[in-house]
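Please look over the model shown here with its strands and helices in mind. The briefing that follows is arranged by topic.

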Amino acid sequence: MRSDLSLVIDVGNTSTKMVCFDGKEKGVEGVRVKDIFCDEASAFVSKYSFRDCIYCSTVAIDDAFRGRIESFGVPMLHFQPGVTPIPIKNLYATPLTLGA
């Protein structure tokens with residue numbers, strides 16, 4: 001099983017997108033699920049051996065969500081627009097609302 005893959009999770013208002021990246025331009029595979037607690041999300045995560053993960057959300061992250069993310073057993077970074085330091089300059093007028 002490959003171990004050079006990254007997991008990206010984007011939690012939106014109506015669905016959650018999960019994408020597996022190998023460091024190249026395009027994602028290896030992606031899936032849109034109802035939420036990260038569903039069986040389809042579990043199946044997607046268990047298909048790969050991820051080295052790391054980043055997640056972001058337009059909704060509040062609660063303890064249940066954090067616990068679920070931690071259960072994946074992958075080093076995680078919670079990306080918060082305008083808060084999380086990244087090596088990219090954000091020119092968005094209101095960076096704290098980016099994606100909200």
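Why is strand 1 (residues 5-11) largely enclosed by the rest of the structure? Five of the seven residues of strand 1 are buried, so the strand is largely enclosed; buried means under 20% relative accessible area, with a 1.4 Å probe and protein chains only. The model is predicted, so that local features need pLDDT of at least 70 and side-chain atom pairs count only at pLDDT 80 or more, while totals for chains, interfaces and linings use all residues. Residues are numbered from 1 along each chain as its sequence is written, and side-chain values use heavy atoms, with hydrogens and water left out.

**Partners of strand 1**
- Strand 1 pairs in the parallel sense with strand 4 (residues 50-57) over seven bridges, where pairing requires at least two DSSP bridges between two strands.
- With strand 2 (residues 16-21), strand 1 pairs in the antiparallel sense over six bridges, and the two form a hairpin with four residues between them.
- Ile9 stands opposite Tyr55 in strand 4 and opposite Met18 in strand 2, whereas the bridge partner of Leu7 in strand 2 is Cys20.

Definitions and conventions:
Buried means under 20% relative accessible area, exposed over 50%, partly exposed in between (1.4 Å probe, protein chains only).
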